[in-house]
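Subject: Structure handover

Hello,

Here is the structure I promised to pass on.

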Amino acid sequence: AHIQLLKDVVAMMGRTNSPRESNMFYKVSSIGSKRINLFQQAFPDVPWIFIFRDPVQTMMSHLDPSKVTVVNGQAAAVCTKSQRRPPFDLVTLVEATGYDVYELTYQEFCAAHLATLCESALKAMTKPHSLGKAVEYDNLVDKLISSVIPDHFGIEMTDEGKANILAISKTYSKSKGGEQTWVEDSQRKEVGSTPEIRDASDVFLAESYVKLKQRSIGR
């Protein structure tokens with residue numbers, strides 16, 4: 001039932017009146033990484049990519065001290081929402097490192113949560129006949145244009161397509177208050193990170209990051 005529902009939703013969202021449109025791309029939120037298996041069952045012949053980023057930079061996207069409110073040692077962040085009732089896969093991952101999931105700092109819990117997303121994607125990539133690949137965030141637009149879209153997705157990169165990608169890449173996709181211009185922030189996040197964020201990244205995300213780099217395309 002879930003598979004058919006997913007197919008129906010994708011079909012409805014992909015409707016178009018233009019005969020020129022023959023390809024469709026979906027960007028799925030990070031938590032969707034835990035349901036890649038459903039997408040693979042629904043669309044076994046469709047290539048997909050998992051975009052990953054330097055662990056500290058990823059952590060800063062969630063826990064930037066200048067933006068996140070911390071009360072009584074708890075951070076109001078997406079990656080820490082389940083800290084009071086952690087899911088089984090997160091508990092298992094944390095125990096494998098020798099930590100107690102109920103004694104983690106919010107930085108450690110966030111890193112562990114992000115690691116479960118990476119490990120879910122890696123598990124899906126390593127399945128037989130999987131069409132999934134990892135793509136590192138750095139220079140993402142160039143990678144999409146030069147290799148990922150033409151080579152992995154098998155779609156001809158026309159001048160119009162390239163222009164569309166370049167135009168869209170200038171807009172911040174997570175903006176909730178209207179269109180916002182995207183600005184490269186990797187260096188700022190590295191400089192603004194705290195020792196706690198760096199340490200948590202090393203403990204819980206470093207291994208997944210290395211494995212994703214080994215499976216990455218578009219270098």
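Please keep in mind that this is a predicted model.

Helix packing comes first. The axes of α3 and α5 come within 10 Å and cross at roughly 115°. That crossing is right-handed. On the α3 side, the contact uses Thr58, Met59, His62 and Leu63. They meet Tyr106, Gln107, Cys110, Ala111 and Leu114 of α5. By class, the residues of this contact split into 6 nonpolar and 3 polar, with no charged ones.

Next, α3 with α9. Helix α3 spans residues 55–63, and its axis comes within 9 Å of that of α9. The two axes cross at roughly 125°, so α3 is oblique to α9. The crossing of α3 and α9 is right-handed. From α3, the contact takes in Pro55, Val56, Met59, Met60 and Leu63. From α9 come Ile197, Arg198, Ala200 and Ser201. The class count for α3 against α9 is 7 nonpolar, 1 polar and 1 charged.

Then α5 with α9. These two helices pack at about 35°, and their axes are 8 Å apart. Their crossing is right-handed. Helix α5 contributes Gln107, Glu108, Ala111, Ala112 and Ala115 to the contact. Helix α9 contributes Glu196, Ile197, Ala200, Ser201 and Phe204. Here the classes come out as 6 nonpolar, 2 polar and 2 charged residues.

Some residues turn up in two of these contacts. Met59 of α3 touches α5 and also belongs to the contact with α9. Leu63 of α3 likewise meets α5 and takes part in the contact with α9. Ala111 of α5 is in the contact with α3 and in the one with α9. Ile197 of α9 is in the contact with α3 and in the one with α5.

Now the pocket. The second largest pocket has a volume of about 550 Å³. Its lining holds 26 residues. Which of them lie nearest its centre? They are Asp89, Thr116, Glu119, Ser120 and Lys123.

Which helix gives the most to this lining? That is α5, with 6 residues. Helices α2 (36–42), α4 (88–96), α5 (106–125), α9 (195–204) and α10 (206–214) each supply at least two lining residues. By class, the lining has 9 nonpolar, 8 polar and 9 charged residues.

To tie the two parts together: α5 and α9 pack against each other, and both supply lining residues to the second largest pocket.

Best wishes

Terms used: Residues are numbered from 1 along each chain as its sequence is written. This is a predicted model: local features need pLDDT of at least 70, side-chain atom pairs count only at pLDDT 80 or more; totals for chains, interfaces and linings use all residues. Side-chain values use heavy atoms; hydrogens and water are left out. On a 1 Å grid over the protein atoms alone, a cavity is a set of points where a 1.4 Å probe fits but cannot get out, and a pocket is an open set with protein on both sides within 12 Å along at least five of seven lines; lining residues have an atom within 4 Å of a point. Grid points are joined across faces, edges and corners, and a volume is the space filled by probe spheres set on the points. Helices (H or I, at least four residues) and strands (E, at least two) are DSSP runs, numbered from the N terminus. Ala, Val, Leu, Ile, Met, Phe, Trp, Tyr, Cys and Pro count as nonpolar, Asp, Glu, Lys and Arg as charged, and the others, Gly among them, as polar. Axes are lines fitted to C-alpha atoms, for helices over the stretch in contact, and angles run from 0 to 180 degrees between N-to-C directions. Angles under 35 degrees count as roughly parallel, over 145 as roughly antiparallel, 65 to 115 as roughly perpendicular and the rest as oblique. A crossing is left-handed if the near helix is turned anticlockwise from the far one by less than a right angle, and right-handed if clockwise. Contact means heavy atoms within 4.5 Å.
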